[in-house]
Each structure stands twice: as structure tokens, then as C-alpha cells.
Amino acid sequence: MSEELKVPTMAEYMAEGKQPEILFWVGSAGSYDDRAKKITRAFVKILNKANVDFAVLGAEESNTGDVAKRAGNEFLFQMQAMMNIEVLNAYEVKRIVTCDPHSFNCLKNEYPGLGGHYDVVHHTQFIKQLISEGKLTIEGNSYKGKRITFHDPCYLGRGNGEYEAPRDVLKHTNGNILEMKRHKRTGMCCGAGGAQMFKEPEKGDMDVNVLRTEQALETKPDIIATGCPYCNTMMTDGVKAKEKENEVTVLDIAELIANS
């Protein structure tokens, strides 16, 4: 990245006695996974471009506890969540935006029970809002006519009923948006949800991500679009398993928009 990205922290805002419009929750994948860091950078580029007043927690951000909860360790989840809630409430955070549907679901639906009440938004919803408010204009030539199919993340789609925002945003790329046979409510998991990302698959005929990638490849896409760092990894691995990495690219919606 040649251009300088501006990423202020909550501590810096606090020192100046100011409050940002939104807190960008980066999430563990977006912080540590090399592929997911590119999604984080793309989203920050969008925030900078639209002059959004945002901050991150930086070193004060800890794992949401989602993985611990899905894996059945409720005690660890509550410990991690309480730590985060303490930090968030100390900063009087009102609105949180994240690129990770797992963090999104956890912060939105599971933190209120432990005293963490925030307006939580997925990055595709936020990008849609920026476009509709005219804060972000997209030239739409980078992907003109490209065949793009979107894979619904479970925790955004079936978990929280958000199917339209990512598709509305994708339309602005001027790409040719194609739906897989299984999409929206009948969509299929990429195989990484529920902490499955961190264990070996069980015995069977085929890995879930390869099956899902096959469904995507049926649309003969140039690009498989995702809205989740874990889906991105699984679909990328699926494309490699099918030896199609020279023909098909897997990109997060934030990357498609940042490139546009």
C-alpha cells in the first residue's frame, strides 16, 4: 500500500476529548491473518475516502469470544466478552462497524445480555449507507461486465437476515451479478462457522468448502465475492482444490469497492 492510511485509536480520540462517529472493530482475523488484513486495509481505504470519523481500539481490542462460545467454552466467552464490554463502555462507544459477521453477530446479539448495548453494523451495510448518502462514489469500471457470484456468510444471512446490503453494494461495481442455485436463505456454509475453522474436517466424501466452491463455479464466475474473512479463506482454498486459481479470484466486497 503506497498511500498512507489514517487509522486513529480510541485512546487518541479520548486524549483530545472527542468521540468518533463509529468504532471499527477489526476482529482477530482482520488483525492477524495476512489475507484478512487486506480486507481490513480495503475497508479503511473506503472509510478514509468517504471521510468517515472512525477509530479502532488497537491493542485494547481482544477476541469477541465468539469462537470460545461456539466451541462450548461459555466460561471463556464470558470472560473475553466482559473484558471487551468494560473497554467499550469506558469509551462510551455507541456504534460499531465490523467486516467479520461472527464478531457482528456476537457483539449485536450476545453482548447485550452481559451489559454491552451497541448499534452494530456489518461493513456491507455501512458501505451501502455511504453510497446512498452520496459520501462514496464508485466509478464502476474496474469490474464492468465481470461475472461475480456472492456467497452469503451464515452469520450475516441466515443468522441475521441481511441478504440485500451486500448485493446492493455489488451492483455498483457494474459487474454481472449471478446467483448460485443455493443462495440467500438456502445458501450453504463455507465450512468455517461454529469454530470449525480451527479443526480438521470430519470424515466424509468431500470438504464443505470444496462443495460450496463447486456450487459457485457452476455460475462460471470471474470473481467469487464474500463478506467474511473466514468465508474468504474457505472459498480461496476451494478454488485452489479445484485448480481454478488462475481463472477465479476470491475477493471481499470491501476490496471490490476499494478497487472501484
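**Entry 1. Terms and model**

I record that the model is a predicted one.

**Entry 2. The whole chain**

I looked up the secondary structure and found eleven helices and eight strands. The radius of gyration is 18 Å, close to the 18 Å that the globule rule gives for 260 residues, so the chain is as compact as a globular protein of that length. Along the principal axes, the C-alpha atoms fill a box of roughly 50 × 45 × 30 Å. I noted that 51% of the 260 residues count as buried. Among contacts with a separation of 6 or more, 78% join residues 24 or more positions apart.

**Entry 3. The open sheet**

In which order do the four strands of the open sheet stand? I read the order as β2-β1-β3-β4, with parallel pairing. The edge strands are β2 (54-55) and β4 (119-122), and each of them pairs on one side only.

I then examined the pairs that involve β3. Strand β3 (residues 95-98) pairs with β1 over three bridges, in the parallel sense. Within β3, valine 97 is the bridge partner of phenylalanine 24. The pairing of β3 with β4 is also parallel and has four bridges. Here isoleucine 96 stands opposite valine 120 of β4. Between β3 and β4 the chain passes through helix α6 (residues 101-110), and I recorded this β-α-β crossover as right-handed.

In soluble globular proteins, nonpolar side chains tend to be buried together.

I followed phenylalanine 126 in detail. Leaving out residues up to four places away in sequence, phenylalanine 126 touches Ile22, Phe43, Leu47, Val52, Arg95, Val97 and Val121.

**Entry 4. Leucine 136**

Is leucine 136 buried or exposed? Its relative accessible area is 7%; the cut-off for buried is under 20%, so leucine 136 counts as buried. Beyond four places in sequence, its contacts are Ile46, Lys49, Ala50, Ile127, Leu130, Ile131 and Ile257. Of these contacts I checked isoleucine 46: it is 90 residues from leucine 136 in sequence, yet the two are 7.9 Å apart in space, C-alpha to C-alpha.

**Entry 5. Asparagine 232**

Which residues beyond four places in sequence is asparagine 232 in contact with? I listed Arg35, Ile39, Thr226, Val250, Leu251, Asp252 and Glu255.

Technical notes: Residues are numbered from 1 along each chain as its sequence is written. This is a predicted model: local features need pLDDT of at least 70, side-chain atom pairs count only at pLDDT 80 or more; totals for chains, interfaces and linings use all residues. Side-chain values use heavy atoms; hydrogens and water are left out. Contact means heavy atoms within 4.5 Å. Two strands pair if DSSP finds at least two bridges between them. Helices (H or I, at least four residues) and strands (E, at least two) are DSSP runs, numbered from the N terminus. A crossover is right-handed if, with the strands pointing away from the viewer, the path from the first strand over the helix to the second runs clockwise. Buried means under 20% relative accessible area, exposed over 50%, partly exposed in between (1.4 Å probe, protein chains only). The radius of gyration is taken over C-alpha atoms; the globule rule is 2.2 Å times the number of residues to the power 0.38.
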